[in-house]
Amino acid sequence: MSQLSSRHLLGIKDITSDDIQLIFETADNFKEVLNRPIKKVPSLRDITIANIFFENSTRTKLSFELAEKRLSADVVNFSSSNSSVKKGETLIDTVNNILSMKVDMVVMRHSSPGAPHFLSRNIKANIVNAGDGTHEHPTQALLDAFSIREKLGDVAGKKVAIIGDILHSRVALSNIFCLQKLGAEVMVCGPVTLLPKHIDSLGVIVEHDVQCALAWCDVANILRIQLERQQIKYFPSLREYSLYYGVNKKMLDTLDKEIVIMHPGPINRGVELNSDVADSEHSIILHQVENGVAIRMAVLYLLAGVR
Ligand code: CP
């Protein structure tokens, strides 16, 4: 197989395990390119890509832009905070105006779940979901699984605990789909109030004790408390959350094995993760960020092939 099964990347739910393997193999090649003195290839020389971000981002936005530039695409960046969205322009009008400037692909982050799916039904360009509300963040899950594969040799058969605010996390859902498609066992761990009610129907193990989760897993992917999405109080205070669910070095020292620590960023240091773990030899957090560029190059390159 040398082509993806879809012309968009809307979510991991919609792609196959063969698609994921193809993305990984392509990313392996681009990672090799990124380690050369000249990091640029002409693969997308005639393609124009618009990065349209309706929500804040550091890693995803920069990583897509770098990936596009490394592939020699023409790039335009749109941020809703200083755009005509502030004057009342709709999503579809905004995007159609951008597309009328002969844009081929759209990378979009939006706070509404399903916004990229809506776009994909209404416009001709390839769409890449860079995070839609609390729904999916497919390229994050791909770079996370790619980083596990790089560190542990394979994803199949590995035990991955996703710890923290699962309820508000698009990273959690995309990771669950991606890891399961690749044959990993997945556990979710957090306080009852931060786990969706029927999460077990996705075939994940549910745990509320973080020390038990750490003892079970090979990899702990620790998620941020997303206060910006919380309209009510889900726990008494950040101090209390940190006391019961914050991961620190003392907890890792009690384990009889080494585990891999991941975090998609941005980290709330001292809340869900202490610096003595985030900056330790257990952590592959900055490798995740590095791999994000190769993964996004692979996704864009492959989608350009099914235009
Ligand atoms: N991991 C992630 O999506 O980070 P940003 O919000 O900074 O893009």
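Q: Hi! Which helix gives the largest share of the lining of the second largest pocket?
A: That's helix 11, residues 285-304, which supplies 4 residues of that lining. Just keep in mind that this is a predicted model.

Q: Good to know. Which residues lie nearest the centre of that second largest pocket?
A: Ile267, Arg269, Ala278, Ile285 and Leu286 do, out of 15 lining residues. The volume of this second largest pocket is about 230 Å³.

Q: And how many of its lining residues are nonpolar, polar or charged?
A: For the second largest pocket, the lining has 7 nonpolar, 5 polar and 3 charged residues.

Q: OK, on to the largest pocket. What is its space in Å³?
A: About 420 Å³. Its lining is made of 20 residues, and Arg109, Arg170, Arg224, Gly265 and Pro266 are nearest the centre.

Q: How does that lining divide by residue type?
A: The largest pocket has 9 polar, 7 charged and 4 nonpolar residues in its lining. Helix 2 (59-70) and helix 6 (170-181) each contribute at least two lining residues.

Q: Where does the largest pocket lie relative to domain 1 and domain 2?
A: Between them, because domain 1 (12-137 + 291-304) and domain 2 (138-288) both give residues to its lining.

Q: Switching topic: what does UniProt place at residues 7-150?
A: An unreviewed UniProt entry lists the feature "domain: Aspartate/ornithine carbamoyltransferase carbamoyl-P binding" there.

Q: And what is the helix and strand content over 7-150?
A: Residues 7-150 are 42% helix and 17% strand, with the end C-alpha atoms 27 Å apart.

Key
Residues numbered from 1 in each chain as written. Predicted model: local features only at pLDDT ≥ 70, side-chain atom pairs only at ≥ 80, totals over all residues. Heavy atoms only, no water. UniProt positions renumbered as here; feature names shortened; annotations may be inferred. 1 Å grid on protein atoms, 1.4 Å probe; cavity = no way out; pocket = protein on both sides within 12 Å on 5 of 7 lines; lining within 4 Å. Points joined across faces, edges and corners; volume = space filled by probe spheres on them. Nonpolar A, V, L, I, M, F, W, Y, C, P; charged D, E, K, R; others polar. Domains from an automatic or database assignment.
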